[in-house]
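Subject: Handing over the structure, with notes

Dear colleague,

Please find the structure below, followed by notes on what was found in it.

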Amino acid sequence: MGTPDFAVASLDAICASGHKVVGVVTVPDRPTGRGLKVTASPVKQYALQHNLPLLQPERLRDPDFQSALQAWGADIFVVVAFRMLPQSVWAMPPMGTFNLHASLLPQYRGAAPINWAIINGEKETGVTTFLLNERIDEGSILMQQSTPIAPDDTAETLHDRLAEMGSRLVVQTLDGLADGSLHPQPQPTCEQLRPAPKLFKPDCAIDWNLPGQRIVDFVRGLSPYPAATMQVVDSKQMTQTIKVYEVSFEPSPNSTIGQLITDNKTVKKVGVRDGFVHILSLQMSGKKRITVQEFLRGYDVSNWKIVI
């Protein structure tokens, strides 16, 4: 059961492992993009390419869906980046249901663990397989594997690495459950848990009052999606929202928060609490992502003001 590209890696690994995939569950086709073209999920596309039986329920509690799911006779359900399952679904197979989560549980429970780990400046993260129960991301742990977060990692690079790591861990988990060598362990208790809630547009605005490294981590954690944003007032006194994909930080005691410094060849700096943040790549609304040098060939920003 899964939806995005992150889940395809695990499905492909299971198919290649010798375990029999009796069916795939994914979301119904949805309108996407500017043209609202109806598009199948990446998991559905993979299932069709490999002639795997497929279900696309609107409602997971629908009796017809659950009857069809039961008819497949699966020993176990594997969930990767899907929806919250009702107990009538996750308790259905005799060996239960396990989920692949892109963090080292119990830290970063929630919908956006990859983003939040980078935003919070973590040096390490990983993947966890755990049994589903009635509490979100709180079931007993089956297996975990960790990986360092590099200073230049973005949500994209970490996503791809964890998808590959996770796919291997899913197969190892299936092997261990099948031969009886794997025993679930309760999640450890932690005094300070860091959540990973879903990110919405207001959450993506850069706070220029933060220290420079915090802003760098924030931009990395949202790049390329959903993307950090900044607001500027242009020379016509119009407010523009710009997506920011890549920045660097220059420590300095001589900065003014929100000051935009440019020579119209490069946006040299934006002043923050402890120095300057250099903007390296960005995207205006309705345009494509470009470098700051390309951007300045089309815009005079000498009179622009950053909204802080």
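**Nonpolar cores**

In the largest nonpolar core, which has 36 residues, F6, F98 and L162 touch the most other members; a nonpolar core here is a set of buried Ala, Val, Leu, Ile, Met, Phe, Trp, Tyr and Cys residues joined through side-chain atoms within 4.5 Å, and buried means under 20% relative accessible area, with exposed over 50% and partly exposed in between (1.4 Å probe, protein chains only). Two or more residues of this core come from each of helix 1, helix 2 (42–49), strand 5, strand 6, helix 5 (113–119) and helix 6, where helices (H or I, at least four residues) and strands (E, at least two) are DSSP runs numbered from the N terminus. Helix 6 gives the most to this core, with nine residues. A second, separate core of 32 residues includes L199, W208, V272 and L296. As background, nonpolar side chains in soluble globular proteins tend to be buried together.

Before going further, please note that this is a predicted model, in which local features need pLDDT of at least 70 and side-chain atom pairs count only at pLDDT 80 or more, while totals for chains, interfaces and linings use all residues. Residues are numbered from 1 along each chain as its sequence is written, and side-chain values use heavy atoms, with hydrogens and water left out.

**The sheet and the helices on it**

Four strands form an open sheet of mixed pairing, in the order 5-6-7-8, two strands being paired if DSSP finds at least two bridges between them. Strand 5 (77–80) and strand 8 (141–148) are the edge strands, each of which pairs on one side only, and the twist averages 15 degrees from one strand to the next. Strand 5 pairs with strand 6 (residues 97–101) in the parallel sense over four bridges, and L100 in strand 6 is the bridge partner of V80.

Helix 1 (residues 5–17) packs on the sheet, where it touches strand 5 and strand 6, and its direction makes about 150 degrees with that of strand 5; contact means heavy atoms within 4.5 Å, and axes are lines fitted to C-alpha atoms, for helices over the stretch in contact, with angles running from 0 to 180 degrees between N-to-C directions. Helix 6 (residues 155–179) lies across strand 5, strand 6, strand 7 (124–131) and strand 8, and runs at about 150 degrees to strand 8.

How do helix 1 and helix 6 pack against each other, in angle and in distance between axes? The angle is about 35 degrees, and the axes are 8 Å apart. The crossing of helix 1 past helix 6 is right-handed, a crossing being right-handed if the near helix is turned clockwise from the far one by less than a right angle, and left-handed if anticlockwise. On the helix 1 side the residues are F6, A9, S10, A13, I14 and S17, and they meet H159, L162, A163, G166, S167, V170, V171 and L174 in helix 6. The residues of this contact divide into nine nonpolar, five polar and no charged, where Ala, Val, Leu, Ile, Met, Phe, Trp, Tyr, Cys and Pro count as nonpolar, Asp, Glu, Lys and Arg as charged, and the others, Gly among them, as polar.

**Individual residues**

Y46 is placed in helix 2 and counts as buried at 7% relative accessibility. Not counting residues up to four places away in sequence, Y46 touches V8, L11, D12, C15 and L52. Between Y46 and R59 there are 22 Å in space, C-alpha to C-alpha, for a separation of 13 residues in sequence.

T154, in the loop between strand 8 and helix 6, is buried with a relative accessible area of 18%. Leaving aside neighbours within four places in sequence, T154 is in contact with I118, R220 and S223.

**Backbone points to check**

The loop between helix 7 (212–221) and strand 9 (228–233) holds P224, which a cis peptide bond joins to S223, with omega about 5 degrees. P226 is found in the loop between helix 7 and strand 9, and a cis peptide bond, also with omega about 5 degrees, joins Y225 and P226. A227 is placed in that loop too; its phi is near 85 degrees, a positive value in a residue other than glycine, and A227 is buried, with a relative accessible area of 1%.

A81, in the loop between strand 5 and helix 4 (87–90), has a positive phi near 55 degrees and is likewise a residue other than glycine. At 32% relative accessibility, A81 counts as partly exposed.

With best regards
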